[in-house]
Structures are given as structure tokens and as C-alpha cells.
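I opened my notebook and went through this structure piece by piece. Here is what I looked up, entry by entry.

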Amino acid sequence: MAQPLTEGISHYLAGRARWHPLEIAFWLVALASIFVLPNKHLILTEIAILALFALSLDLILGYAGIISLGHAAYFGFGGYVAGLLAKHNIIAEPVLALLASGLAALILGFVTSFLVLRGSDLTRLMVTLGVSLVLREIANQVDWLTGGADGLQGVTMSPILGMFAFDIAGHVAYVYCLIVLFLLFLLARRMVNSPFGLSLLSVKGNPLRASAIGISVNGRLVAIYTVSAGFAGIAGALLTQTTQFCSLDVFSLERSADVLLALVIGGTGYLYGGIVGSVLFKLMQDYLANLTPQYWQFWIGLVLVIIVLVGRERMANWSAPVRALLSRVGPRAGRSVETARPSPADGP
Amino acid sequence: MAPVLETVSLVKRFGGITAASDISLRVEKGARHALIGPNGAGKTTVINLLTGMLRPTSGQILLDGTDITGIEPHERVRRGVARTFQINQLFADLTPIEAIGLAVSERMGTGRQWWRVIGSKSEILDDVVSLIEQFHLGDVMYHRTAILPYGKQRLLEIALAIACRPRVLLLDEPAAGVPDAERHEILATIEALPKDVTVLLIEHDMDIVFSFADRISVMVNGALFVEGEPEDVARDPRVKAVYLGESLDA
């Protein structure tokens, strides 16, 4: 009696981590975009970078409930580190430099994570915003290092792995960004489907009870905030590497706000939200900017107001029906689906 | 016999209000100890102090003679002190399987693993299965906690505490709000707890208290008032006065 039950439960729990056909289709489409849309690689690179940035934000917002209005702090820090490494030829090879930049942002994330532990959402908004503003001002002041308001000039990139040189049309850059996005997505996916990932959801859902079953709430928040900062730093480093330039606006409030909007448009807490949201956000921005070069921000603002008016709850969860559909047509992919009960025929 | 859990002159003040004054409580190993008293007497405050969710203004808390006053709540759980809440504190979006699995995994020290897919450790699964069966949660184990019937949520509330395999279990009105029909299920699970688990029970229902407890402490206005065997407490005229006074007020 107990044995099939144990297997059923194991199968059910592992269902969270099982690959859904639609997920595979999603990444095949992303792969196909390399070949099908060769003249769109510049905007696709921007999308991939924003998507990675949004993925990093989803780790803290969607899984741990930490709201941030200053995630650009880590994005920008990673960006500047990558720029300086390349400019001064400290680490010339882009992949190694990318890892080093991510590590630098990770350390910054760890140090600043203690600031976001205490307080309500409002406190966190202000503290995270403050951190990004402080970093921006530091970057502005140390202009002997960063170039100040003129930005970091003279960044030249070596070929990736010594083999693939960045080209003017951005083909190499896009493939590079897409690969990095995919690998970090895999890492994030692994992480959120682990005991650690589940404990984050418990901390988000009820920190009081989480601590009452032995979970170190602060420890988990520090850990995920640190990882998230590392992801954001890698996204920032990708921007510097692919544009061979880095300026103060990597730290701007607008960048933090954009990534939050992209994530909210796509929906939080299922990892794909940041990617889907980034695609929609960038395409919308691109389309509206072509339509009305002067007033596109008005339309973006209007769309966002409408999204918010549709309902705060649904804003974060509008993807729920899609996820419910996913779980109906195949193995369970999304969360919060009440009907996700394995049928008796579901063998392990 | 040495107490497993002991407080020494525990005081908790909130501003001008003294919620717990000079509480010196000894809970013997394996005891079924009940903490009773009128509403607002400070019983839940004592539990919050014992579990570290509140920090005392002064005084000490000893677990097996070791001072745990300054220790974080989650660390106390690891040392064997677990609790339930008077008002359910559950994970609304998780299923009972996931919630219990978390608690068991945390106890086994695997809760921080980030590379392993959940549900892949058979020691944890075996434990989860036996808890699910013990607490009659099998029929709802794949449902989100938010949609469970109240009685099942109450069982899950206790199951989560037991999943921590505590040496000392603090039950804060475990049957509160449960309809009579489902009460016996909860009481039966409490009575079936292993004898080596020490239980401190807060309860308003005197039938439960007197059928379950082998020791009773009465709290009034934040202070320990009377302590003794159930028969002695029942006969104590001061206790009668307190409860009579309360029922007249109500």
C-alpha cells in the first residue's frame, strides 16, 4: 500500500521539474529565431538581455516576494565590471569576463542583501532604489575610472572563446546572449524546483510559519537575493559586451522600472514570465516608437495603466489560465493549479 | 526529575502593558502540561516567548538546562521545540504534501539543497507518507492548502509541527474553531503522540484539558497563578473564582 503511494508522491513532486512540451517548443522557437530572423538580431539581443534581467528579478519577486525598484544596481555593476575588464585587457576573453562580472555583482548582492531583510514592501522599494542611486552617483564621481557622464569609452571585445568575433550585424552577439540566457534559465529552473526553491515559496507565503518549521527565513532571502544579483550582473555584462559601451543609465531608475514592467506583463513566479514579458515589452516599445516617434511613451504608459486596472491580482496572475491549460494538456508545468492531481494511470 | 523546558522570571512588556510578568514555568520531560487561563491572560505570549517569536524583556528560557533565550526561532525548531498556532499559519499556495515535505526535509538538513529535484529522497517521502496517513490527509494531499476544509487545515497545522519531530511540542488551542464532529479526529491524533514527546497545551475547553493533562498551570493577567495536578487545580477555590468571574463578565 505504502509503496505505490510513495511513488505517486515522488512522481507528483517531480512533476514540477518535468519538461513540458510547450517549454521545449518555446526554446525551439527561440533557436529558430537565429535562422529565421537574421535581420532582427539587434533587437533580439536587446530582448534576450532584458529577458535575463527580468529572469533575475523573477527569482526574488516571484519566488521570494522581494519587490525591488533598484535591480539596475546589479545590472549596472556587472556592466561596468565587464567594460573595465575588457577596456584594460584584464580578462580579455568574453565568457570568462562575463563570469567575473557576474561574480562581482553576486558579491555586491550579498553585501546589500542585508538591507532588504527588514521592513515592508515600501521599505524595500526605497532601499533598493537608494542602492541603485548611490551606485550611479559613485560611477559618476569616479570619472577617472568610469568615464563619468560620458560613459565608458574604448571597450573593445576579443572574440568569444578566441574563435567567434563580434560582428557588426550582431549575429554572434545574439547567439551568445541566447546561449547565456538559456544556460542561466536552466540553472534557475533547477533551483526553483529544488527543496531550496520550494522553501523560498514557503517564506514568501508565510514567513512566520516557515521559521516555525525550522527554515531560516533571512538565510534564504539572502541566498536568493545574492543569486539574483549575480544573474542581473551577467545581464548587464552582456549589454556592455554586445554594445562595447557602458554609460550611467545602466543604473537608472528607468531601467529598474522597465524590467519590473516587463516581468509584470509576463507574469511572476514561473520563470517564463520575464522572457515573455520582455518580448512583449520590447516589441511594443519598438512598434509604438515607429508609429509615433514622439509619443510612444504615452502609449506604453496607457497600456500599463490598463494592465494594472484589469486587477492587481490578475496582473501578477494573468498567466494562470495559460498555466492551467498547460497542466491540462500535459504534465504539470505551472504552479497554483488545483486540478494538478496525477491520474491513476500516471506511472513513474 | 529535571525539566526539559524551563523559564526563569520571564517578563514581556509591550509599552506600558505587561503581557507576561515573572513567569517561572517548569515543564517535565514527557509531561502533558496544560496552560489555562482567561482570555488575555498571556498564554499565547508565553508560547511566542518559548519559540523565539517574541524576545523577552527580561528573564531566561532553558531547554535541557541550556539557555536558548537569544536563539532564533528556526534554530529552536532544530533543537526540538515546535509549535502550532491558534490561528492557522499555513502555506496557502502549497499542497499538504509540499508543506509537510518541506518540514521533513528541513529537519533532515536537506532543505537548502538547490540542485536536487524535490521528491527524490526516499527517507523524506517515507516520513511524509506516514504523516499524511497519521493525520488523515490522504484525500486532500494534492490540493492547495487554501481550499482545504477547515478541519483538514487544522490537522495540517498539527502535522507540520509533528513533522519537525519535536521533543517539546507547544499546542496553541489545537481544536479551536473545529466543529464537534471533527474534534475527535484532532484529539485522537494528539493523544496518539509518542509518550517521550513533551506537550505544553493551551486550551479553553476544560473537557479536553482534564482528559489530557497530567499537570495544569493557570495564568491570570500575565502571571502564573496556580500550578498543580488536575484534581488539585479543579478543587482550588481561587481558580473557580477566576473562571466564575470571567463567565460573569462575558
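Before the first entry, a note on terms: axes are lines fitted to C-alpha atoms, for helices over the stretch in contact, and angles run from 0 to 180 degrees between N-to-C directions. Helices (H or I, at least four residues) and strands (E, at least two) are DSSP runs, numbered from the N terminus. This is a predicted model, where local features need pLDDT of at least 70, side-chain atom pairs count only at pLDDT 80 or more, and totals for chains, interfaces and linings use all residues. Residues are numbered from 1 along each chain as its sequence is written, while chains are lettered from A and ligands numbered from 1 in the order in which they are written.

**Entry: helix H3 of chain A**

I began with H3 (residues 41-64) and H11 (residues 217-243) of chain A, which pack at an angle of about 170° with their axes 9 Å apart. That makes H3(A) roughly antiparallel to H11(A); angles under 35 degrees count as roughly parallel, over 145 as roughly antiparallel, 65 to 115 as roughly perpendicular and the rest as oblique. I then listed residues that meet, counting two as in contact if their C-beta atoms, placed from the backbone, lie within 7 Å. Among them are A:Ile49, A:Phe53 and A:Tyr63 in H3(A), and A:Leu221, A:Phe231 and A:Leu238 in H11(A). By class, this contact of H3(A) with H11(A) has 18 nonpolar, 4 polar and no charged residues. Here Ala, Val, Leu, Ile, Met, Phe, Trp, Tyr, Cys and Pro count as nonpolar, Asp, Glu, Lys and Arg as charged, and the others, Gly among them, as polar.

Next I turned to H3(A) and H12 (residues 253-266) of chain A, at an angle of about 75° and with axes 9 Å apart. H3(A) is therefore roughly perpendicular to H12(A). The residues in this contact include A:Asp58 of H3(A) and A:Val259 of H12(A). I noted 9 nonpolar, no polar and 1 charged residue in the contact of H3(A) with H12(A).

**Entry: on to helix H13**

H12(A) also packs with H13 (residues 272-291) of chain A, at about 110° and with axes 7 Å apart. These two are therefore roughly perpendicular to each other. The contact of H12(A) with H13(A) divides into 10 nonpolar, 5 polar and no charged residues.

**Entry: a sheet in chain B**

In what order do the strands of the open sheet of 6 strands in chain B run? I read E7-E8-E9-E4-E10-E11, with mixed pairing; two strands pair if DSSP finds at least two bridges between them. E7 (81-83) and E11 (223-228) of chain B each have a single partner strand, so one side of each is left without a neighbour in the sheet. The twist averages 20° from one strand to the next. E4 (residues 32-36) and E10 (residues 215-220) of chain B run parallel and are joined by 4 bridges. B:Leu35 stands opposite B:Ser217 in E10(B).

**Entry: one leucine**

I finished with B:Leu62, which lies in strand E5 (residues 58-63) of chain B. Is B:Leu62 buried, exposed or partly exposed? It is partly exposed, with 17 other C-beta atoms within 10 Å; a residue is buried at 20 or more such atoms, exposed at 12 or fewer, and partly exposed in between. The C-alpha atoms of B:Leu62 and B:Thr7 are separated by 6.1 Å, although the two are 55 residues apart along the chain.
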